[in-house]
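Colleague: I am new to this model and would like a close look at a single part. Please take me through the surroundings of the ligand, and then point out a few other places to look at along the chain.

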Amino acid sequence: MTPALADDLKHLDAVLRRAADQATAILASLDVRPVAVAPTAPVTEDLGETGAGFAAALERFNARFAAGFSASAGPRYLGFVTGGATPAALAGDWLTSAWDQNPTSGLDSAAPDLERETLACLRSLFGLTDAHSGAFVTGATMANFVGLALGREWAGDQLGVRVSEHGAAALGPVRILSGAPHSSVYKAASMLGLGRSAVVPIPVLPEREAVDVAALEAGLAALNGAPCIVVANAGTVNTVDFDDLRAIAALRERNPFWLHVDAAFGAFAAVLPEHAARVSGLDLADSICIDAHKWLNVPYDAAMQFTRRPDLQLRIFMNSAAYLGDAGERPDFVHLTPENSRRLRALPTWFALRAYGRAGVREIVRSCCAHAAGLGRRIAGSDRFRLLAPVRMNVVCFTLRDVPPGPAGETEVQDFVRRVRDSGELFITSTVYQGHWGLRAAFSNWRTTEADVVRAWNALEAAAPR
Ligand SMILES: Cc1ncc(COP(=O)(O)O)c(C=O)c1O
């Protein structure tokens, strides 16, 4: 052991307390520190031969990086779809590191059982039955990846090809039909050897991002029985629109396909009686993607994938090795997801669910929707902005009044995003919606209050062109 490591071990308590003090100070400053900062590339420092221990490393970090980090854990960071971390989730995350379990094997620890229990609680939260089993992955992109891998394996079965044995090339083209797929679906298609061009966009309903089910049916018929994957969307990233999951699932009677639902954050509609109908039929999916690091407000990184076909999952992700043993009746997680080794990322979610229950989740989702509606009303009543879509749940999709349609709007929108960011009061991101450059304000943080909405609105007004 080097002297620095030996010293940190000797003073482990002080090391952890110092980190906890700093964490508390960071979280206490979320209201006053800039919500986002323009990144400036720091000069890269050399590794150096000897280290000076944690306290010195912390000083270096504070001097070089801390001020340049965003307040993305805070209440006015409305870019992308970004959750924060509730106290129990954050503490659970620390304990995850302290325990440092690798839950992929069930040989030596109850950690996989904790993951299974967490997944069962989540199933119940989202109205899924026991027919779905699942696992934790890093994010919705990986949950979509696993879902599409399952669909690919299923398509192989329809044609008598074992893709997991003989590869995607043996299968030939498999189409992925979807109305308004998230970009991660294209990425997953690329990673799976299906190729981005496998994704076939299907027309959406007028003024909507929900797929036109009749057009989907026509798209399926055009494949003449070739097995394919349909990605249904439950909560699109721009306007939180929902496909009609029941109607889509019913199409399988005439044209069998693998139904994957990307419900990265839209699945949380299930917890609110006033929105639950939007995800009616979710349980009919063959595979489902849901994020935890968005609306569940657990720290990065965590998402869940669910499927009705663990047998296919086992075929794809089976990791045979003499020292790992047989997969057996209840396969270890090592045989179910891309990773062989990983952290127990179910633990922060377990803590969040136990600490705050269904009511806690419901309250976060409900208040985010109320804040989005509040901002939406201000925008609708303003002469400087206009809504690009109705506010359905937690995302406000809007633009500046004079932004022209088409690519000409890009400069004005991007300049506005930077002005808002540089105000330090708010962070939102740009988008293109139905050919229009626009803006998205996504509410998914448990800390956001009405006072934050007022501050956000003031920042938008101040940055808008006169
Ligand atoms: C609908 C949808 N699917 C997938 C993703 C990808 O999520 P992640 O960044 O967790 O991989 C997102 C991210 O915003 C999303 O909104």
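Modeller: Happy to! A pocket, on a 1 Å grid over the protein atoms alone, is an open set of points where a 1.4 Å probe fits, with protein on both sides within 12 Å along at least five of seven lines. A molecule sits in such a pocket if more than half of its atoms lie within 2 Å of the grid points. The ligand here takes up the space of the second largest pocket.

Please keep in mind that this is a predicted model, where local features need pLDDT of at least 70 and side-chain atom pairs count only at pLDDT 80 or more, while totals for chains, interfaces and linings use all residues. Numbering runs from 1 along each chain as its sequence is written, and side-chain values use heavy atoms, with hydrogens and water left out.

Around the ligand there are 15 residues (a heavy atom within 4 Å). Those that come nearest are Thr 141, Asp 262, Asp 291, His 293 and Lys 294. Sorted by class, this shell holds seven polar, five nonpolar and three charged residues. Helix H6, residues 140-159, is the element that gives the most to the shell, with three residues; helices (at least four residues) and strands (at least two) are DSSP runs numbered from the N terminus.

Now for the polar contacts, which are pairs of N or O atoms within 3.5 Å. The side chain of Thr 141 has an N or O atom 2.6 Å from an oxygen atom of the ligand. For His 293, a polar side-chain atom lies 2.8 Å from a ligand oxygen. In Lys 294, a side-chain N or O atom is 2.9 Å from an oxygen atom of the ligand. On its own the ligand has 400 Å² of accessible area, of which the protein covers 83% (Shrake-Rupley method, 1.4 Å probe).

Ser 287 counts as buried because its relative accessible area is 1%, the class being under 20%, with exposed over 50% and partly exposed in between. Its side chain joins that of Trp 258 in a polar contact of 2.9 Å.

Tyr 300 and Asp 301 are joined by a cis peptide bond, with omega about 0°, and Asp 301 lies in the loop between E6 and strand E7 (303-307). Asn 224 is not a glycine, yet its phi is positive, about 50°. This residue is in the loop between helix H10 (213-221) and strand E4 (229-233), and at 71% relative accessibility Asn 224 is exposed. Gln 434, also not a glycine, has a positive phi near 45°. You will find Gln 434 between strands E10 (429-433) and E11 (436-442), in the loop; with a relative accessible area of 44%, Gln 434 is partly exposed.

Finally, go to Glu 217 in helix H10. At 24% relative accessibility, Glu 217 is partly exposed. From Glu 217 to Pro 465 there are 248 residues in sequence and 45 Å in space, C-alpha to C-alpha.

Note on methods:
A polar contact is a pair of N or O atoms within 3.5 Å; within protein, one must be able to donate a hydrogen and the other to accept it, and residues adjacent in sequence count only if both atoms are side-chain atoms. On a 1 Å grid over the protein atoms alone, a cavity is a set of points where a 1.4 Å probe fits but cannot get out, and a pocket is an open set with protein on both sides within 12 Å along at least five of seven lines; lining residues have an atom within 4 Å of a point. Ala, Val, Leu, Ile, Met, Phe, Trp, Tyr, Cys and Pro count as nonpolar, Asp, Glu, Lys and Arg as charged, and the others, Gly among them, as polar. Buried means under 20% relative accessible area, exposed over 50%, partly exposed in between (1.4 Å probe, protein chains only).
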